Amino acid sequence: MTDETRDDAHNVVIIGSGAAGLTAAIYAARAALKPIVIAGSQHGGQLTLTSDVENFPGFEHPIQGPDLMEAMRKQAERFQVEFINGDATSVDFRRRPFLVVAGEETLLTRTVIIATGAGTNWLGLPNEQRLIGHGVSSCAPCDAFFFRGKEVAVVGGGDSAMEEALFLAKFATKVTIVHRRDSFRASKIMAERALRNEKIGVRWNTLVEDVLGNGEVKGLLLRDTVSGRREEFRTDGMFVAIGHHPNTEVFKGHIELDANGYIALDHHTMTSVDGVFAAGDCHDHHYRQAITAAAYGCMAAMDAEKYIEARRG
Ligand code: NAP
């Protein structure tokens, strides 16, 4: 028996439980690989922070992000996928079987599928960090309810910012999108929806320089990038929607990452280490959709299965 086929090693450990990780788990389980999923601190990944999902095929009517992820998890559980709570805290990909540590659990495994997704980018202002949960948020579906009858600002000009603004407009009396340029990056349909909404206004060419308030948000210090003029803008909250970064810190030095921390892949889903695969937003900075993450999860599970088969001889 080679070291790689040791009896106490799992076939596949999947790190992450978003659309990529759960799809990989369903495919791996159906290939009789008995996958273990390290679910991470945010079960279900980024989709649990979203509201209406209208573009995931198979649902005629919008499905809520958390409901979609719950359904995926239940589907995985039906195939006896085992879940471990918490984050992967360290890995060793030099030894075989590979070693993955998640808190108290140490797992040996023949293959790994990394599906750790991406996290929120913040503006990086000291007062922003201090006031998270006190008027500063990155998740309208989680926190919009607290802004019933209040005024809020949304920072960003992409689809996420439009989605946050539209969701908040159901609760707040006024939503102001603060965008650093004079045109949106968002898809036309989303931008038009936001611009048509009577409660939503836009501050173009504007940067947030500070968040004002002690125990809670009272306003923002804004700067007009054209005139250079600064202004204290009264608002009860700030939702930050300026993109995401890959959750790949724990893999630094163990597999090849690009300059922005995204995992580099071969032409399929293999990373720079044979037997370690990646799926979803941790490597894909281009598409970043629920359906593409799920598709990558499927591909990674099939690649892992082939890899194991080839070594069984
Ligand atoms: P994004 O498309 O990268 O947009 C980020 C926005 O934030 C941009 O407008 C950018 O400005 C702005 N920004 C970045 N850094 C900033 C900073 N430091 N200060 C101020 N503004 C800053 O990210 P996203 O909106 O999160 O979307 C990511 C992906 O998910 C996209 O592919 C999107 O289509 C998809 N998505 C789809 C849906 C949907 O279909 N329902 C919903 C959400 C997200 P610039 O424009 O000047 O660069």
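Contact, as the word is used in these legends, means heavy atoms within 4.5 Å. This is a predicted model, in which local features need pLDDT of at least 70 and side-chain atom pairs count only at pLDDT 80 or more, whereas totals for chains, interfaces and linings use all residues. Residues are numbered from 1 along each chain as its sequence is written, and side-chain values use heavy atoms, with hydrogens and water left out.

**View 1. The chain as a whole.** Residues 24 or more positions apart account for 60% of the contacts in the chain that have a separation of 6 or more. The chain holds seven helices and 19 strands, where helices (H or I, at least four residues) and strands (E, at least two) are DSSP runs numbered from the N terminus. With a radius of gyration of 21 Å, close to the 20 Å that the globule rule gives for 313 residues, the chain is as compact as a globular protein of that length; the radius is taken over C-alpha atoms, and the rule is 2.2 Å times the number of residues to the power 0.38. The C-alpha trace spans about 70 × 40 × 35 Å along its principal axes. Of the 313 residues, 50% count as buried, a term that stands for under 20% relative accessible area, with exposed meaning over 50% and partly exposed in between (1.4 Å probe, protein chains only).

View 2. Around the ligand are 20 residues, the closest being Asp159, Ser160, Arg180, Arg181 and Arg185; a residue belongs here if one of its heavy atoms lies within 4 Å of the ligand. The shell divides into five nonpolar, nine polar and six charged residues, with Ala, Val, Leu, Ile, Met, Phe, Trp, Tyr, Cys and Pro counted as nonpolar, Asp, Glu, Lys and Arg as charged, and the others, Gly among them, as polar. Helix H5 (residues 159–168) gives the most to this shell, with three residues.

**View 3. His179 in its loop.** His179 lies in the loop between strand E12 (174–178) and helix H6 (188–196), and at 6% relative accessibility His179 counts as buried. The side chain of His179 reaches the backbone oxygen of Ser183 at 2.8 Å. Not counting residues up to four places away in sequence, His179 touches Gly156, Gly157, Phe184, Arg203, Trp204, Asn205 and Thr206.

**View 4. Thr225 between two strands.** Thr225 lies in the loop between strand E15 (219–224) and strand E16 (230–234), and its 35% relative accessibility makes Thr225 partly exposed. Leaving aside neighbours within four places in sequence, Thr225 is in contact with Arg180, Asn205 and Leu207.

How values were computed
A polar contact is a pair of N or O atoms within 3.5 Å; within protein, one must be able to donate a hydrogen and the other to accept it, and residues adjacent in sequence count only if both atoms are side-chain atoms.
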